[in-house]
Amino acid sequence: MSAQATGIHHTSYAAELALRHTPAEKLRLALLIALLLGLPWCLNGYWLGIVNGIVLSAIGAVGLNLLVGFTGQISLGHGGFLAVGAFTSALLTTRAGWPLPASAGAATLLSAALGAFVGLPALRLEGVYLAIATLASQQIIEFVICRWSWLTGGQGFLDVPRLALFGERASRGSFERGWYWLLLSVAVPAVLAARNLFRSALGRSLMAVRDHDVAAASIGIDVGRAKLTAFALSSGYAGLVGALTAAYAEVVSWERFTLDTSIQYLGMIIVGGLGSVAGSIYGAVFIGLLPPLLAELAALAPGSGARLSAQLPALQLGAFGLAIVLFLLCEPRGIDQLWRRAKDYFGFWPFRY
Amino acid sequence: MSQLLLLGVYGLANGAVLALAALGFVLIYKASRVVNFAQGELLLLGAYVFYTARVALHLPLLIALLLSAAAALALGALIERLVLRRLLGEAPIALVMVTIGLSALFRALVQLGFGTAPRELPKLLPAGSVALGAGLHLPLDRLLAIGLCALVLGAFSALFRWSRHGVALRAMADDQRAALAQGIAVSRVYALAWGLGALSALIGGVLLSDITELSPNLAGFGVLVFPVVILGGLDSIPGTVAGGLIVGLVSQLAEGLCPGASQVLCHLLLVLLLLLRPHGLFGEPRIERV
């Protein structure tokens, strides 16, 4: 029974503070690391590109979950912050010639500052009113970026030169693989930071605000500050993702950061599990794999190739909507909870609990 | 001057349709405290149901109208029964997301069934124009649309004021527990609210597709519902009428001055209003008790 977290007796503070306690947890971590290290060697360029997209959106989803899942503030403006990050970084790279780390850092900071500003209505509003206020800020950011011709020099999109990885510009063949390592080396610290945030006083205060803001205030938490911090953190993550997306996709245009993007990110954390860092990643994987897997399925379907592939965008949209509705109805706490239940089932077998 | 008047009529027509869409939204919010992000998609579905009945099935106008009205009522009640009732009492984020999920699903259904190209719908409203004095021609269909919207809004208000179900709805919105104690069936009132919400969206959708065009872009109109309802107060029916007309006018005038500015202007207005007067122009201020 040493595999179960309840059966553990800690004998030192260090052991209690560890993120993983049981042999089974450590084994799963080892398997995960092996998977992450092995992925680029077993996938072709197309699928590795999809994996890169998933890694990017996992960072963004973790950021959104900080705000929505852990602090309880609904935001429909995540796409806007992605756009701010992407354009800031792209402009700094192309016009001022900054290297990617500097421009991505600047983009993160600027998005975080803007996020705190957009979060100001959260001081007075909550629930659906806040959702509508953030929806409005999304529309405003979208409009500004779409109309401000100085941003793109009037052509509607920005070209970003291909990133030189380790001194030389990657050829098409090693491009996805190089980016995979780069993105992973950003994603792992970002996820670990989020995971550890909720073991700190700041993270706990965010959760207290989510659970009951008046009670949180009465034990001395500055509720307004906590909310704004959550907004800044979340949009900082979004800005980072935006900057990386800009450099990875090598072109930035406002169409990639619309309200639909915000909704997609919300879908990820709903499907993965609100208030769970791991859940955000499960959700990013699920939502990221849905369209390509549907495309594969459609290609497998006999006889109706052309007709089905013309309908594919609609099918993908419908599957996305259906997934959200079904998860909310059947398992509101998402894949994370499903996974936990599965672990319990096998852990307690042959007993029910 | 005449240009301004023309823009005004266009704006009022859009505003009247918006008021209809917002009416359904407010009904649903009042009865069940669900913010329906799928209101624009209900508009879209309504328009396409009517299109199917009228063009694909070649039904006479009156029967097509009645049939699509019945379909809208059934659809609303079905959404409530199958989805929303199982989420009663959940956190706002779950309710917001489930309607967002439904909206994606509806948009996908319309795309699957009808494609993305605009469809030709035989005109309901006469296309001529009314001459008003020297050189001033007002489009007849917009004027009629405004009139029809006023009629429908009036009918809905009368329903709430005098009918048994309307009174039950208002009682429910006023105080849920007191309403329960009076023997009002919650589930029936929720279903009614959703049915009527879908019905008003259907009427709005048919009118809108008649004065503009029938395409999946109709759903984009739904985003404008939010400024309307916040302006009017989320729970006020007269407020939606005022809000709809204001937003319609402002966006049309802004569009006339600078194309593309309408959306952003409405949303700026919305943010300002949320900060200064969160309960809207006509809504009731909420008192929070711990």
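The expected span of a helix is 1.5 Å times one less than its number of residues. Helices here are DSSP runs (H or I, at least four residues), numbered from the N terminus. This is a predicted model, where local features need pLDDT of at least 70, side-chain atom pairs count only at pLDDT 80 or more, and totals for chains, interfaces and linings use all residues. Residues are numbered from 1 along each chain as its sequence is written, while chains are lettered from A and ligands numbered from 1 in the order in which they are written.

**Exercise 1. Check the span of α3(A), then look at its bend and its cover.**

Step 1: α3(A) runs over residues 45-70, so its 26 residues should span 38 Å; the end C-alpha atoms are 36 Å apart, which agrees.
Step 2: Go to A:Leu64, where α3(A) bends by about 35°. That bend is the angle between axes fitted to the seven residues ending there and the seven starting there.
Step 3: Count the buried residues (20 or more other C-beta atoms within 10 Å of their own, C-beta atoms being placed from the backbone; 12 or fewer is exposed, and in between is partly exposed). You get 19 of 26, so α3(A) is mostly covered.
Step 4: After the helix comes A:Gly72, with a positive phi near 75°.

**Exercise 2. Do the span check for α4(B).**

Step 1: Residues 92-114 make 23 residues, which should span 33 Å; the end C-alpha atoms are 33 Å apart, in agreement.
Step 2: B:Gly115 follows α4(B), and its phi is positive, near 75°.

**Exercise 3. Work out how α5(B) and α6(B) pack.**

Step 1: α5(B) (140-162) and α6(B) (164-174) pack at about 80°, with axes 5 Å apart. The axes are lines fitted to C-alpha atoms over the stretch in contact, and angles run from 0 to 180 degrees between N-to-C directions.
Step 2: The two helices are therefore roughly perpendicular (65 to 115 degrees; under 35 is roughly parallel, over 145 roughly antiparallel, the rest oblique).
Step 3: Find the contacts (C-beta atoms, placed from the backbone, within 7 Å). B:Leu159, B:Phe160, B:Arg161 and B:Trp162 of α5(B) meet B:Gly166, B:Leu169 and B:Arg170 of α6(B).

Note on methods: Contact = placed C-beta atoms within 7 Å.
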